[in-house]
Amino acid sequence: MTTWQFEEYVVSDPAGGPYALTTGPDSALWFTLVHSGQIGRLVPGQEPVHHQLAPDSGPTVICTGPDGALWFTQYRAHRIGRITTAGEVTEFPLPTAQCGPFGIAVGPDRALWFTETAADRIGRITMQGSVTEYPLPRTGAFPSAIAASQDAMWFTMNQAGAIGRIDMDGRITVHELPTEAAAPVGITVAQDGTVWFTEIAAGQIGRRTPDGQMTEYPLPDRSARPHAITTDAQGTTWFTEWGANRVGSLTGDGNVTVHDLPTPASEPHGITVGPDSALWTALETGALARLAPTAADAKTTSSAVPTEKRNLS
């Protein structure tokens with residue numbers, strides 16, 4: 001059985017707060033520093049680069065836009081940001097004050113779609129900065145993460161115990177979860193159109209198939225507080241366990257595997273497939289962690305070898 005290995009790359013001091021990350025068009029890892037108000041860039045083996053925003057802006061989720069730039073939410077500044085690979089920053093104020101933008105993703109229409117947690121709205125912003133907002137049919141829903149399917153956007157409604165779907169014309173459909181008060185947060189859409197999401201309060205991973213079948217998978221540790229989620233090229237679902245200091249995986253047949261992070265209480269948040277096809281997660285205590293099998297043909301395992309920690313800050 002092939003084992004897996006963690007490597008940690010320190011990218012800030014603990015006060016910086018790495019939160020979310022994505023693979024950029026330049027094959028580097030771009031990440032947010034939610035506490036210090038920065039956007040970071042890392043090429044493994046090189047020094048991380050930090051781009052300073054307003055210190056209290058709270059950059060949160062980041063994604064690669066269709067224009068070759070990185071787009072991100074500013075949760076505390078209530079703006080959408082854009083940064084080029086050369087480090088040029090543009091910021092777009094939003095029409096609704098104190099709306100708390102959080103999740104962001106590219107839609108099938110090549111616009112950026114985002115959630116407004118405090119305003120119960122889904123937003124859409126074009127490359128030119130034109131913003132449209134769509135009210136949810138629920139109040140106090142706290143829309144959180146958002147992801148694209150082939151023809152729509154899917155998002156979690158953290159305080160409503162539901163996931164939502166918004167068509168490109170703005171029509172919203174709400175899908176209740178089987179478990180009450182599950183508090184979904186992260187969401188991703190696999191290549192086959194299956195929607196996967198985390199239930200942070202229930203300690204479960206949820207799945208909704210294209211034909212509407214909803215399934216929930218309890219984790220071995222129900223207090224793990226699963227947070228962010230993604231899928232890899234093989235169709236395996238990966239997620240962070242913020243409350244248990246682990247990264248987990250879930251196969252299509254329901255097999256769950258968990259990997260303990262080597263640094264205690266490292267607070268894993270965002271997770272993505274990196275430019276090297278490994279899994280990368282942002283640790284709020286100041287590092288990015290890389291998880292990869294020690295052999296190229298590895299698919300699932302339940303063990304991990306000791307970490308190698310690299311200080312690049």
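I began at a hairpin: S27 and S28 form it with three residues between them. Glycine 286 sits in that turn, and its phi is positive, about 125 degrees. I took strands as DSSP runs of E with at least two residues, numbered from the N terminus. I counted two strands as paired if DSSP finds at least two bridges between them.

This is a predicted model, where local features need pLDDT of at least 70, side-chain atom pairs count only at pLDDT 80 or more, and totals for chains, interfaces and linings use all residues. Residues are numbered from 1 along each chain as its sequence is written, and side-chain values use heavy atoms, without hydrogens and water.

Next I looked up the partners of S28. S27 (residues 279-283) runs antiparallel to S28 and is joined to it by five bridges. Leucine 283 stands opposite alanine 287 of S28. S1 (residues 4-10) also pairs with S28, antiparallel, over seven bridges. There I found phenylalanine 6 bridged to leucine 291.

Is S28 covered or open? S28 (residues 287-293) is mostly covered. I noted five of its seven residues as buried, meaning under 20% relative accessible area with a 1.4 Å probe, protein chains only.

Then I turned to another sheet. Four strands form it, open, in the order S14-S15-S16-S17, with antiparallel pairing. S14 (143-148) and S17 (172-176) stand at the edges with a single partner strand each, so one side of each lacks a neighbour in the sheet. Inside this sheet I checked S15 (residues 152-157) against S16 (residues 162-167): six bridges, antiparallel. Tryptophan 154 has arginine 165 in S16 as its bridge partner.

Definitions and conventions. Buried means under 20% relative accessible area, exposed over 50%, partly exposed in between (1.4 Å probe, protein chains only).
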